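This report goes through one protein model, taking in turn its accessibility, its confidence and its open space. The structure is shown first.

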Amino acid sequence: PNPGGGRFAWFFADGRRIFINRGVEGQVWEVETGTLLRTFGGTGGKMSADGRRVISQRLGEPVYDLWNAETGDLVRTFTYSWPAPTFATLSPDASQLFIVMKNGTGYTPTLLSTETAGELREFSGTPVISQGFSLDGRVVLTIGRDSVYVWDISDLTSAVGDAALYNR
């Protein structure tokens, strides 16, 4: 394929399609034929590890859209007031959305349910510049300018983000 200009790319589990974050939109391409199969609106986008969902932010709006990666259908919209979350990442099974909200005093990393849009956990710590889920979805990694936090999210009934498993 010749998608050109992609910032990030992920293979679907079948190895026959790729999702490319082009910065201004997300695209799904068939690898063998180079055929563009679908485009997702919004700024860039990230795909869940299972290849079922894509999250993208609407350009110039404090809105994130959750898409079905197979059909291109809109699944859910997450709307915020300004300032919008600085970024969002889907859990491997797309059941959770990790967002980082910028507020007057700093940043608040938050875990949401993609089914209900409800808050599951709020995290403490320093400003986050990057984040990711473990492949089993039980751990979240947050990286700040001078810190790395590893958060156990396997038991969401425990204390609300008051301590990390590991901080270096």
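A residue counts as buried when its relative accessible area is under 20%, as exposed when that area is over 50%, and as partly exposed in between. The model described here is predicted. Because its relative accessible area is 5% and buried means under 20%, alanine 94 is buried. Alanine 94 lies in the loop between E9 and strand E10 (96-103), and although this residue is not a glycine, its phi is positive, at about 65 degrees. A positive phi of about 65 degrees is also found at alanine 117, again not a glycine, which sits in the loop between strand E11 (106-113) and strand E12 (119-122). Alanine 117, however, has 32% relative accessibility and therefore counts as partly exposed.

**Chain as a whole**

The protein chain contains 16 strands and zero helices. Of its 168 residues, 43% are buried, while the chain exposes about 8,800 Å², of which carbon and sulfur atoms supply 51%. When contacts between residues at least 6 apart in sequence are considered, 29% of them join residues at least 24 apart.

**Confidence**

The mean pLDDT of the protein chain is 77, with 77% of its residues reaching 70 or more. Confidence is highest in strand E8 (residues 74-79), at 88, and lowest in strand E16 (residues 166-167), where the mean is 48. Two stretches call for separate mention. Over residues 1-6 the pLDDT is below 50, and this stretch has 15 contacts in the model beyond near neighbours in sequence. Over residues 158-163 the pLDDT likewise stays under 50, and here the model has 11 contacts beyond four places in sequence.

**Largest pocket**

Rolling a probe the size of a water molecule over the atoms shows where empty space is left. How much space lies in the largest pocket? The volume is about 320 Å³, and of the 17 residues that line this pocket, Trp10, Met47, Thr89, Leu90 and Gly132 are the closest to its centre. By class, the lining is made up of eight nonpolar, eight polar and one charged residues. The strands in the table each supply at least two residues of that lining.

| Strand | Residue range | Lining residues supplied |
|---|---|---|
| E1 | residues 8-11 | at least two residues |
| E5 | residues 43-47 | at least two residues |
| E9 | residues 87-90 | at least two residues |
| E13 | residues 130-133 | at least two residues |

Key. Residues numbered from 1 in each chain as written. Predicted model: local features only at pLDDT ≥ 70, side-chain atom pairs only at ≥ 80, totals over all residues. Heavy atoms only, no water. Helix = DSSP H or I, 4+ residues; strand = E, 2+ residues; numbered from the N terminus. Buried < 20%, exposed > 50% of the residue type's maximum accessible area, 1.4 Å probe, protein only. Contact = heavy atoms within 4.5 Å. Areas by Shrake-Rupley, 256 points an atom, 1.4 Å probe, with all protein chains shown as cover. 1 Å grid on protein atoms, 1.4 Å probe; cavity = no way out; pocket = protein on both sides within 12 Å on 5 of 7 lines; lining within 4 Å. Points joined across faces, edges and corners; volume = space filled by probe spheres on them. Nonpolar A, V, L, I, M, F, W, Y, C, P; charged D, E, K, R; others polar. pLDDT = per-residue confidence, 0-100.
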